[in-house]
Amino acid sequence: MAKQILSPLPGTFYRRPAPDKPAYKEVGDTVAVGDVIGLIEVMKSFNEVAADQAGVITAFPADDEEPVMAGQPLVELG
Amino acid sequence: MAIRKLLVANRGEIAVRIIRAAKELGLATVQVHSLADADSLAVKLADEAVPIGPPAASKSYLKIDAILEAARQTGADAVHPGYGFLAENADFADAVEAAGMVWVGPKGDSIRVMGDKVAARIAAKAAGVPVVPGSDGRIDDPDQARALALSIGFPVMIKAAAGGGGRGIRIAHDLEEFERLMPQASAEAKAAFGDGGLYMEKVIERARHIEVQVLGDGSRAVHCFERECSLQRRRQKVWEEAPSASLPQAMRERLCASAVALAEAVGYRGAGTLEYLYDDASGQFYFIEMNTRIQVEHPVTEMVTGLDLVREMIRIAGGEPLRYRQEDIRLKGHAIEVRICAEDPSKGFQPAPGTVAALRVPGGAGVRFDTMLYQGYTVPPFYDSLLGKLIVWDEDRPAALARMARALDELAVEGLPTTRPLHMALARDADVARADFHTRWLEPWLERNAHRLEETPK
């Protein structure tokens with residue numbers, strides 16, 4: 001099974017640090033452990049999501065600015 | 001226009017509060033909700049519920065068109081905005097009225113005037129209400145800025161006239177520091193906002209936050225005494241009381257009279273709150289802003305006056321004149337409210353949504369719990385963390401503090417962390433017992449008392 005980075009929290013997933021900023025990561029980017037891949041907004045508090053695995057991003061199963069559950073895959077790594 | 005069916009354009013505990021008031025007035029109720037709130041208590045209690053969009057507030061509770069469409073579909077003839085979301089959006093107020101419905105709040109133009117810091121300050125000064133000494137608007141000329149700083153006295157806050165968010169704010173403690181900081185502040189404002197214009201204000205270093213509740217019908221206004229909300233974390237109120245324990249009676253009368261004067265001067269309609277800073281060392285109070293809506297902490301005022309503020313604002317919106325003369329409104333006893341939030345005070349107040357596994361609600365004389373919770377309810381992560389407000393009343397402040405400590409002991413919310421441990425520690429704190437606090441008291445207290453903020457399992 002492909003490696004995945006899961007959402008640690010329920011909330012809203014953001015792929016960019018601010019609406020006018022580029023995304024943290026794109027498909028094809030290399031991710032090292034500890035790299036920030038996005039934000040989860042929980043009750044108006046923003047939490048950075050750090051990669052707990054390394055690899056090359058093949059997909060973002062969760063869309064930008066969409067609700068996610070805790071444990072839901074955010075990133076797939078090849 | 002008599003109201004028959006009220007649409008609640010909000011969520012959480014305030015939506016429940018509004019539905020209760022509407023039902024007591026014999027009105028039908030419509031609750032709009034996001035997809036994340038389909039099983040909320042407000043949806044269960046309202047006569048009708050209409051989904052208006054996905055979880056994100058920007059796609060549901062802030063969607064004016066969707067809310068007006070829900071009103072049209074259900075035949076609602078009035079809209080109550082609660083607090084937050086669209087409550088102080090003048091365009092929404094105007095749109096509700098343009099659609100032929102009653103807006104439960106002040107006229108859009110009152111929201112515009114009081115929502116603009118400079119315009120509100122000018123209105124306050126014109127009504128004879130003291131404001132924080134400072135520039136009445138932007139100031140561009142350095143000589144003029146220096147003269148003003150000397151006349152209002154140090155420390156002085158210098159901030160960007162454009163923008164906000166804390167950027168461009170400097171505090172100068174003396175003239176030398178002022179001369180150094182002013183060009184920096186101007187340059188930073190110019191870089192951040194493309195406008196180097198500054199605004200200056202005297203810094204009130206040890207102030208209490210005191211606010212006056214008013215009710216107006218567009219021509220006449222009354223006050224319902226004051227609340228003190230000095231216990232704040234990151235500028236968010238966490239504990240509120242009525243009346244203020246620090247205000248001498250003569251000062252209370254002056255403060256409340258000033259609020260009525262300002263409300264009447266702007267022809268205020270509905271429930272509103274005028275916020276002040278009070279410096280108990282000098283006995284000075286300064287108007288800071290007006291909130292043109294019902295506030296989170298309104299229940300403490302209800303407990304000490306016996307009024308139902310939400311019901312009164314609906315009656316006024318329906319066209320009834322104010323039902324009270326000032327002398328009808330009496331202050332009795334002391335009330336305290338604490339905000340129970342889904343945050344873990346032992347982990348830096350990290351918000352944590354979850355499912356309420358078990359709930360034990362405190363009761364007994366003088367205890368009120370305004371909440372959106374029920375057993376089995378899953379608190380969604382998309383909105384603010386307020387779960388409910390525990391409010392107590394008693395004959396005097398020491399008795400109210402003891403009652404609050406007792407009620408907090410009874411309260412149990414299992415399945416998610418709450419701010420209950422914070423309030424249990426505050427209710428037994430010696431400084432709190434003496435009301436010896438100010439708006440910057442709580443944050444250092446939290447650092448010293450971190451070990452007391454963990455929920456203890458029974």
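**Notebook: chains A and B**

I began with Arg339(B), whose side chain makes a polar contact with the side chain of Glu240(B) at 2.7 Å; a polar contact is a pair of N or O atoms within 3.5 Å, where within protein one must be able to donate a hydrogen and the other to accept it, and residues adjacent in sequence count only if both atoms are side-chain atoms. I note that this is a predicted model, in which local features need pLDDT of at least 70 and side-chain atom pairs count only at pLDDT 80 or more, while totals for chains, interfaces and linings use all residues. Residues are numbered from 1 along each chain as its sequence is written, chains are lettered from A and ligands numbered from 1 in the order in which they are written, and side-chain values use heavy atoms, with hydrogens and water left out.

**Arg339(B)**

I placed Arg339(B) in strand β14 (residues 334–341) of chain B; strands (E, at least two residues) and helices (H or I, at least four) are DSSP runs numbered from the N terminus. Its relative accessible area is 12%, so I list Arg339(B) as buried, with buried meaning under 20% relative accessible area, exposed over 50% and partly exposed in between (1.4 Å probe, protein chains only). Leaving out residues up to four places away in sequence, I found that Arg339(B) touches Lys237(B), Val238(B), Glu240(B), Val296(B), Glu297(B), Leu386(B), Gly388(B), Thr419(B) and His423(B), contact being heavy atoms within 4.5 Å.

**Thr305(B)**

I then looked up Thr305(B), which lies in helix α10 (residues 298–305) of chain B and is buried at a relative accessible area of 15%. A polar atom of the Thr305(B) side chain lies 3.2 Å from the backbone nitrogen of Leu307(B). Not counting residues up to four places away in sequence, Thr305(B) touches Cys224(B), Phe225(B), Ile329(B) and Arg330(B).

**Strand β9(B)**

How many residues of strand β9 (residues 208–217) of chain B are buried? I found ten of its ten residues buried, and both faces are covered, with Arg208(B), Ile210(B), Val212(B), Val214(B) and Gly216(B) on one side and His209(B), Glu211(B), Gln213(B), Leu215(B) and Asp217(B) on the other.

For pairing I kept to the rule that DSSP must find at least two bridges between two strands. β9(B) pairs with strand β12 (residues 269–279) of chain B in the antiparallel sense over ten bridges, and within this pairing Leu215(B) has Ala271(B) as its bridge partner. β9(B) is also joined by six bridges to strand β10 (residues 221–233) of chain B, again antiparallel, where Glu211(B) stands opposite Arg227(B). The hairpin of β9(B) and β10(B) has three residues between the strands, and in it Gly218(B) takes a positive phi near 100°.

**Sheet in chain A**

In chain A I traced an open sheet of four strands in the order β1-β8-β6-β3, with antiparallel pairing. Its edge strands are β1 (3–6) and β3 (30–31), each of which pairs on one side only. Four bridges join β1(A) to strand β8 (residues 73–77), and Leu6(A) has Pro73(A) as its bridge partner there.

**Contact of chains B and A**

I counted 14 residues from chain B and twelve residues from chain A in the contact. The two chains bury about 930 Å² between them, 66% of it on carbon and sulfur atoms; buried area is the accessible area (1.4 Å probe) that two parts lose on being put together, summed over both. In chain B, Pro351(B), Pro381(B) and Phe382(B) lose the most area to chain A, together 45% of what that side buries.

Which residues form the salt bridge? Lys59(B) forms it with Glu66(A), the closest N and O atoms being 3.8 Å apart, under the rule that a side-chain nitrogen of Lys or Arg lies within 4 Å of a carboxyl oxygen of Asp or Glu.

**Backbone angles**

Most residues other than glycine have a negative phi, and most peptide bonds are trans. I noted a cis peptide bond from Phe154(B) to Pro155(B), with omega near -5°, and another cis bond joining Ala242(B) and Pro243(B), with omega about -10°. Pro155(B) is in the loop between α7 (142–152) and β6 (156–160) of chain B, and Pro243(B) lies in the loop between β11 (236–242) and α9 (249–265) of chain B.

Met43(A), not a glycine, has a positive phi of about 50° and counts as buried at 6% relative accessibility. Phe85(B) has a positive phi near 40° and is partly exposed, with a relative accessible area of 30%.
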